[in-house]
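Here is a friendly briefing to read alongside the model. Have the viewer open and follow the topics in turn.

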Amino acid sequence: MTETSETETTAEASRTVDASATNGGDRYDVLVVGGGVAGLCAATFTARAGLDTVVVDDGGSIVKRNAHLENVPGFPAGVNSRLFCEMQREQARRSGCEFVDGRVTGLRRVDDGGFRAEIGSGGDDSKDGKADSVDADSELEATYVVAASWSDTSYLDGVGVDLRVAGSKTYVGDDGLGRTNVDGLYAAGRLTERYHQAVVAAGHGAQTAITLVHDSETPFYNDWIAPEGYFTDRGREVPPGCEEIDETERKRRERESLETMRSFFTEPHPDPQPTHPSLVDDE
Ligand SMILES: Cc1cc2nc3c(=O)[nH]c(=O)nc-3n(C[C@H](O)[C@H](O)[C@H](O)COP(=O)(O)OP(=O)(O)OC[C@H]3O[C@@H](n4cnc5c(N)ncnc54)[C@H](O)[C@@H]3O)c2cc1C
């Protein structure tokens, strides 16, 4: 699990990599296509399990069109959905994920069983004010891919994944736990035709990630933080992927949590409310 420093603040820029810099470099364990609700939750879980995880996202999560998010656990009076996206991204960053702001335009298998993704500069500055940070035609490789790219399946054309077309929508088939029919390729969120609510997408992202972790060689099962002695005082080993922390460390983490949440909730979110693209006057 990645440790975070007490001095880290939410103002710190996300660890964003230039995809062109990864060409010929080490392969990631996990590429998550789409940093919306499902993708960021999946990436948080795979990164916390110790898998090198990169998220490629073009900034267009549909949840940003929501006017006030009121059914996500943990926000008793609701939360601005653009703020929610930023908080989720910060959680993924603290868990150790890297980010590429761009669009996956193609995916293909490579000889040893992993995948190579083509990345274009598909970020939409008008949606969230993020600048693109990748050159078109750059590529990166990963052993596993999680497709969480509601509503784009075009980059999957070359890998033979099962798709279901329903009117204007195309869904990726999965086995109920996030595995597709293509070995090493997983899918999460609305892209898999799960119900269209944020918490369902997040939960499915987590489920898909845990499936992937179990399929990999990582000895990881739970991702639980328990108080000191919870397992060991009963003569048990701390299970793989679990952690026992003492009271000093618990208090340190609680302080960091309070500071972090305060920094997110100081002012109303500055981004404008987006609506359906068909209602936007481009003139
Ligand atoms: C107006 C509106 C209001 C809503 N209100 C609520 C609500 O109140 N409560 C609730 O629970 N749910 C609400 N929802 C639904 C909720 O937003 C979705 O169910 C949820 O966002 C689905 O999560 P997801 O991760 O599957 O997709 P998304 O959150 O849309 O994430 C997909 C991500 O993939 C990226 N992407 C797509 N293709 C590519 C590619 N090729 N390369 C890189 N990145 C790519 C997109 O830019 C996006 O960031 C609302 C939706 C709308 C439209």
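Strands β5 and β6 pair in the antiparallel sense over five bridges; two strands pair if DSSP finds at least two bridges between them. Helices (H or I, at least four residues) and strands (E, at least two) are DSSP runs, numbered from the N terminus. This is a predicted model, in which local features need pLDDT of at least 70, side-chain atom pairs count only at pLDDT 80 or more, and totals for chains, interfaces and linings use all residues. Residues are numbered from 1 along each chain as its sequence is written.

**Overall picture**

- The protein chain contains six helices and 11 strands.
- Of its 283 residues, 35% count as buried. A residue is buried if 20 or more other C-beta atoms lie within 10 Å of its own, exposed if 12 or fewer, and partly exposed in between, with C-beta atoms placed from the backbone.
- Among the contacts in the protein chain with a separation of 6 or more, 62% come from residues 24 or more positions apart. Two residues are in contact if their C-beta atoms, placed from the backbone, lie within 7 Å.

**Strand pairing around β6**

- Strand β1 (residues 28-33) runs parallel to strand β6 (residues 138-147), and five bridges join them. Here valine 33 stands opposite alanine 147 in β6.
- β6 is also joined to strand β9 (residues 185-187), by three bridges and in parallel. Valine 145 has leucine 185 of β9 as its bridge partner.
- Glycine 120 belongs to strand β5 (residues 115-120). This glycine 120 is partly exposed, with 19 other C-beta atoms within 10 Å.
- From C-alpha to C-alpha, glycine 120 and aspartate 101 are 9.2 Å apart in space, while 19 residues separate them in sequence.

**The nonpolar core**

- The largest nonpolar core has 51 residues, of which Leu31, Ala42, Val145, Val146 and Ala147 touch the most other members. α2 gives the most to this core, with eight residues.
- A nonpolar core is a set of buried Ala, Val, Leu, Ile, Met, Phe, Trp, Tyr and Cys residues joined through C-beta atoms within 7 Å.
- Not counting residues up to four places away in sequence, alanine 147 touches Val33, Leu156, Val172, Leu185, Ala187 and Leu191.

- Helix α2 has 12 residues and reaches 17 Å from its first C-alpha to its last, close to the 16 Å expected at 1.5 Å a residue. The expected span of a helix is 1.5 Å times one less than its number of residues.
- Is α2 largely enclosed or in the open? 12 of its 12 residues are buried, so α2 is largely enclosed by the rest of the structure.
- The buried residues of α2 pack against β1, β2, α3 (81-94), β6 and α5. Just after α2, glycine 50 takes a positive phi of about 95°.
- Cysteine 41 sits in helix α2 and is buried, with 27 other C-beta atoms within 10 Å. Leaving aside its neighbours within four places in sequence, cysteine 41 is in contact with Ala202, Gly205 and Ala206.
- Cysteine 41 and histidine 204 lie 163 residues apart in sequence, yet 8.5 Å apart in space, C-alpha to C-alpha.
- Helix α5 has 18 residues and reaches 26 Å from its first C-alpha to its last, close to the 26 Å expected at 1.5 Å a residue. Its buried residues, including Ala202, His204 and Gly205, pack against β1, α2, β6 and β9.
- Helix α6 (residues 247-264) also has 18 residues and reaches 26 Å, close to the 26 Å expected. The number of buried residues in α6 is zero, so α6 lies largely in the open.

**Around the ligand**

- The ligand is surrounded by 34 residues, and the closest are Gly34, Gly36, Gly60, Val63 and Gly189. A residue is near a molecule or strand if its C-beta atom, placed from the backbone, lies within 6 Å of it.
- Which elements each supply at least two residues of the shell? They are α2 (37-48), β2 (53-57), β4 (103-109) and α5 (198-215).
- By class, the shell has 15 nonpolar, 13 polar and six charged residues. Ala, Val, Leu, Ile, Met, Phe, Trp, Tyr, Cys and Pro count as nonpolar, Asp, Glu, Lys and Arg as charged, and the others, Gly among them, as polar.
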